[in-house]
Amino acid sequence: MEPGLAFGRLWAAHAVSTYGTWIAFGAFPLVAVQVLGSPAFAVSLLEAAGLAVAAVAAFPLGPWIEYRAKRPVMITTDLVRFLATASVPVAYFLGVLSYGQLLVVSVVSATAGIAFTAASGAYLKHLVRGHRLLAANGRLEGTSWVATAAGPPLGGALIGLLGPVVTLVADALSYLLSALMVLRIGGGDVATPRGPAAGRREAGWRGGRAGWRGAGVLGGWRLILGDRVLRRLFANSVLVSGLIMATVPLLAVLLLEEYRFSAWEYGLAFGVPALGGFAGARLSARLVRRHGRYRVMAVSGWLRSFFPLGLAFAHPGVTGLLTVIVVEGLLITCMGVFNPIHATERLRRTPADHAARLLGAWSVAAGSRRRSSWRSGVVWPRSPAPWPRSPSRAFSCSPPRSCCPGGPTCSIPGPCASQEHPGARRVPSAARRRFRADPP
């Protein structure tokens, strides 16, 4: 198959699964809160347990993926996520859904996601060569940003109409479609050949701790830490992502509580700028051709750290909203320019026979950045009203505004935009004024 056609199908698989994930954004914890009545700690544990177990599983998964053809691994992980996600609505309609099942689905989905990321990255390195690799990464990055901007509002509308359980059906089907797209790629594949040394390493791995290290389970981390450029790229990715994620809940409190932004204004402030990521990703290859990849990566990387300072000028009202949109738009545009170059440089510096294990290790520490940052801004009620446990009533009512799938990012028109849950934390304006007027 022609490389362009093969990449087009890989791109389509990425787009389908990414849009499905973002359309179902928030539906999973919403099921835990509204269907099962789980407390806030239990909802947080769903995300934490999935990432923690997936991080441990990524150590042996990297070498395991390395020695196998990558397309079958991608298809298998997509089917695993399809079955895991689809089991939730099936159990709900049978009346046997439990928190334990949600926890298992979270762990299985996160682990399969890391395996898919490692396999797809290694396959992309095999499929796209030379200068076309940057353009390919730019297209994948642009698709992710558009899904980030459009997915939560579309998912919120779908949840408002049909409920969170049915939205998970759409997410499950997206994984199935992704598997079908990868299956249609055809042509050659890539797998690190098994030699006598590989057999001895695997035998040693089964024999003890020294074999564990010799088997290459830690090979991805050794490669990251042993290469000066990869080490710096990894540190940059972790630090920048961590700092951006740390400010999201603080910014949510500032805009929603102090400046009294409405839910749709908050969603607009972070939905529209995500389109800047699409524009930056599309411009990335053109800027590199004109100015060089190191210069563009350095400038866009520095600007990512500079533009957030503009949030200090945010204030109530329309001009404050526009300030947040402009600042976030500039920040995300720089991220859209930087990320494809970053991903391309990482693949170029990674040996083909170590790509899967390196990407697996990288995704544990630096992955799920957008999902984690958006989740940090979700405002959960303290005493949520339970979702109807009967499947027949699941389509007849909508969740309260404070429990919408995107939290404050939801932009569903109609009753959902005006309802306020009685358990949501609100500080009366009169009490706020008295508190501000009291001396310290």
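The structure is a predicted model, in which local features need pLDDT of at least 70 and side-chain atom pairs count only at pLDDT 80 or more, while totals for chains, interfaces and linings use all residues. Residues are numbered from 1 along each chain as its sequence is written, and side-chain values use heavy atoms, with hydrogens and water left out. The accessible surface of the chain comes to about 20300 Å², of which 67% belongs to carbon and sulfur atoms; accessible areas come from the Shrake-Rupley method with a 1.4 Å probe, and for residues only the protein chains shown count as cover.

The chain has 19 helices and zero strands. With contact taken as heavy atoms within 4.5 Å, 83% of the contacts between residues at least 6 apart in sequence join residues at least 24 apart.

Helix α12 (residues 263–271) and helix α15 (residues 318–348) pack at an angle of about 25 degrees, and their axes are 8 Å apart. This angle makes α12 roughly parallel to α15. Axes are lines fitted to C-alpha atoms, for helices over the stretch in contact, and angles run from 0 to 180 degrees between N-to-C directions. Angles under 35 degrees count as roughly parallel, over 145 as roughly antiparallel, 65 to 115 as roughly perpendicular and the rest as oblique. On the α12 side, the residues that meet α15 are E265, L268, A269 and F270, and their counterparts in α15 are L321, V324, I325 and E328. By class, the contact of α12 with α15 has six nonpolar, no polar and two charged residues. In this classification Ala, Val, Leu, Ile, Met, Phe, Trp, Tyr, Cys and Pro count as nonpolar, Asp, Glu, Lys and Arg as charged, and the others, Gly among them, as polar.

R260 is found in the loop between α11 (228–258) and α12 and is partly exposed, with a relative accessible area of 45%. The phi angle of R260 is near 60 degrees, a positive value in a residue other than glycine. The C-alpha atoms of R260 and G317 are separated by 8.9 Å, although the two residues are 57 residues apart along the chain. L330, in helix α15, counts as partly exposed at 37% relative accessibility. Between the C-alpha atoms of L330 and G280, 50 residues apart along the chain, the separation is 9.4 Å.

Six salt bridges are present in the structure, a salt bridge being a side-chain nitrogen of Lys or Arg within 4 Å of a carboxyl oxygen of Asp or Glu. In one of them, R71 pairs with D189, the closest N and O atoms being 4.0 Å apart. This pair links distant parts of the chain, 118 residues apart, with R71 in helix α4 (residues 70–94) and D189 in the loop between α7 (164–183) and α8 (196–207). R71 counts as buried at 13% relative accessibility, whereas D189 is partly exposed at 27%.

S178 lies in helix α7 and counts as buried at 0% relative accessibility.

The side chains of R349 and E345 meet in a further salt bridge, at 3.8 Å from N to O. R349 counts as partly exposed at 32% relative accessibility, while E345 counts as buried at 2%. Both residues belong to a network of salt bridges that links D227, R293, E345 and R349.

Conventions: Helix = DSSP H or I, 4+ residues; strand = E, 2+ residues; numbered from the N terminus. Buried < 20%, exposed > 50% of the residue type's maximum accessible area, 1.4 Å probe, protein only.
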